[in-house]
Amino acid sequence: MFPKPKPVLKPNTYAYESEPMVKATGFREYDARWLFGSEINLMGVEALGLGLGTLIHELGVAPHIVTGHDFRSYSASIKMALVNGLLASGCKVYDIGLAMTPMAYFAQFALDVPCVAMVTASHNDNGWTGVKMGANRPLTFGPDEMLRLKDIVLGGHFKMAAGGAYDFVPEFAARYLADLTDRPKLTRKLKVVCACGNGTAGAFAPEALTKIGCEVVPLDCELNHTFPNYNPNTEDMKMLHAMRDAVLAHKADVALGFDGDGDRCGVVDNEGDEIFADKVGVMLARDISSQQKDALFVADVKSTGLFMTDPVLLGNRAKTDYWKTGHSYMKRRVNEIGAVAGFEKSGHFFFNKPMGRGYDDGLIFAFAVCDMLDRNPGKTMADLKRALPKTWSSPTMSPHCADEEKYGVVDAVVKHFEAEHKNGGKVAGQPIRNLVTVNGVRVTVEDGTWGLVRASSNKPELVVVVESPVSEARMREMFKSVDAVLRRHKEVGAYNQTI
């Protein structure tokens with residue numbers, strides 16, 4: 001029998017090396033994230049693997065699973081601890097080695113394997129680790145599966161079984177890149193800055209972009225798990241500013257940046273201006289809907305209101321469904337309603353056939369941007385951006401809030417705005433036009449200015465986004481109003497960045 005995990009163990013002790021430690025808050029809404037060493041130890045990761053294998057058997061799925069790991073100093077060790085647990089549960093493990101997360105999703109199809117467990121901290125800072133899991137390709141776990149996994153692991157309800165096997169899949173990266181680039185080359189000569197923040201994508205993205213015909217200017221593509229320049233996070237302004245400087249220095253057509261595990265992409269135009277991913281989504285939706293009439297899209301609640309009001313999208317009879325933020329939620333929604341594509345402000349983009357298989361892949365997103373430029377040979381990326389109706393948007397802003405407290409704070413904020421709406425109150429000086437509460441609260445006032453508050457699914461933070469179609473001043477007024485509500489809660493700390 002495998003020991004029941006403890007919530008806390010002191011490092012550098014006999015107990016720490018002899019018992020599993022798993023902190024409960026690491027089980028998020030749709031994946032798992034822990035600070036390695038202080039919130040989970042290697043035996044705790046074994047417990048996670050054993051629990052995941054137990055759940056896979058419980059779900060009635062064939063116990064075959066793909067695994068891989070991102071480029072962190074400790075990820076390979078964590079993956080092998082996870083593999084030990086999976087083997088003990090009777091799973092056959094297909095290990096694709098160092099990989100981007102979308103490579104693991106692709107492996108489910110290429111190797112005909114139903115399950116996946118990708119060891120990655122994604123865009124989180126060094127020190128974090130985690131696992132993105134699924135048992136029904138191309139989907140990943142949602143709250144129900146994560147809650148059941150949490151119950152199994154923390155309760156020690158493991159079921160060990162014989163039949164486990166390990167198979168390392170050699171040279172899988174070449175197979176992934178060959179499939180990805182099996183397409184026509186670009187007809188337009190594009191100079192592309194490829195920024196990887198010294199993360200995992202640096203081993204794959206420059207080659208992929210070169211293969212489709214881009215002239216690639218690599219930026220921080222050398223693998224270095226200390227991340228000496230900036231964290232590979234496409235919403236981090238340091239990374240976006242580095243991309244801006246490279247675009248201007250090299251007179252490039254566009255800069256494409258990839259996060260730590262390569263499932264997200266960020267964009268800076270030829271004039272050095274960052275284009276938030278939701279606006280890029282509107283640009284791509286215009287391009288796609290001009291070829292596919294009545295196209296259906298999904299956008300997350302953090303995204304711009306232009307998906308509903310853009311005259312080009314309306315003229316193409318495109319429709320957009322706003323849904324919960326989070327790669328698992330969005331992936332599920334895109335596949336449930338048969339959308340052509342899904343766009344998330346964080347840079348997760350989901351393409352169904354003919355462009356993709358329904359999962360998020362930063363390189364497919366990057367290719368879509370290149371194809372859009374290819375189809376508009378007389379226009380720059382900045383031209384295409386300026387063609388959108390003007391709005392003023394904030395970056396994603398995240399005030400600290402402990403995992404144990406953040407959902408309670410968000411519930412209170414939702415109730416506050418619901419009461420204001422019911423009682424005819426005003427936000428940022430105007431009556432509330434509507435509320436969207438599928439994921440936190442998105443409050444829109446009469447002139448279309450809106451603000452969002454939700455709990456981060458990945459870190460001990462809240463998420464705040466504001467936008468106005470009227471002016472920058474109105475955007476700032478909305479932020480001031482939303483922040484004033486948050487400041488009523490002492491649990492809410494400082495922001496990582498603000499406007």
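Predicted model: local features only at pLDDT ≥ 70, side-chain atom pairs only at ≥ 80, totals over all residues.
Which residues line the second largest cavity?

Residues are numbered from 1 along each chain as its sequence is written, and side-chain values use heavy atoms, with hydrogens and water left out.

The second largest cavity is lined by Trp34, Ile40, Val45, Leu48, Ile78, Thr129, Gly130 and Val131. A cavity here is a set of points, on a 1 Å grid over the protein atoms alone, where a 1.4 Å probe fits but cannot get out, and lining residues have an atom within 4 Å of a point. Grid points are joined across faces, edges and corners, and a volume is the space filled by probe spheres set on the points. The second largest cavity holds about 30 Å³ of space. Helix 2 (42-59) and strand 5 (128-134) each supply at least two residues of its lining, and strand 5 gives the most, with three. Helices (H or I, at least four residues) and strands (E, at least two) are DSSP runs, numbered from the N terminus. By class, this lining has six nonpolar, two polar and no charged residues. In that scheme Ala, Val, Leu, Ile, Met, Phe, Trp, Tyr, Cys and Pro count as nonpolar, Asp, Glu, Lys and Arg as charged, and the others, Gly among them, as polar.

Of the 14 residues that line the largest cavity, Thr234, Glu235, Phe276, Ala277 and Lys345 are the closest to its centre. Strand 10 (265-269) and strand 11 (274-275) are the elements that give two or more residues to this lining; strand 10 gives the most, with three. The lining of the largest cavity divides into seven nonpolar, four polar and three charged residues.

I turn now to helix 15. Helix 15 (residues 403-422) has 20 residues and reaches 30 Å from its first C-alpha to its last, close to the 28 Å expected at 1.5 Å a residue; the expected span is 1.5 Å times one less than the number of residues. Its buried residues (under 20% relative accessible area, 1.4 Å probe, protein chains only; exposed is over 50%, partly exposed in between) are Asp403, Lys406, Val409, Val410, Val413, Val414, His416 and Phe417. Seen down the helix axis, these fall within an arc of 160°, so they line one face of helix 15; the arc is that of the directions from the axis to the C-beta atoms. The face turned away from the buried side carries the exposed residues Glu404, Lys415 and Lys422. Just after helix 15, Gly424 takes a positive phi of about 75°.

Finally, two single residues. Asn316 is found in the loop between helix 11 (311-315) and strand 13 (319-323), and counts as buried at 9% relative accessibility. Ala494, in the segment after helix 16, is exposed, with a relative accessible area of 60%. Ala494 and Lys406 are 88 residues apart in sequence and 14 Å apart in space, C-alpha to C-alpha.

Note on methods
1 Å grid on protein atoms, 1.4 Å probe; cavity = no way out; pocket = protein on both sides within 12 Å on 5 of 7 lines; lining within 4 Å.
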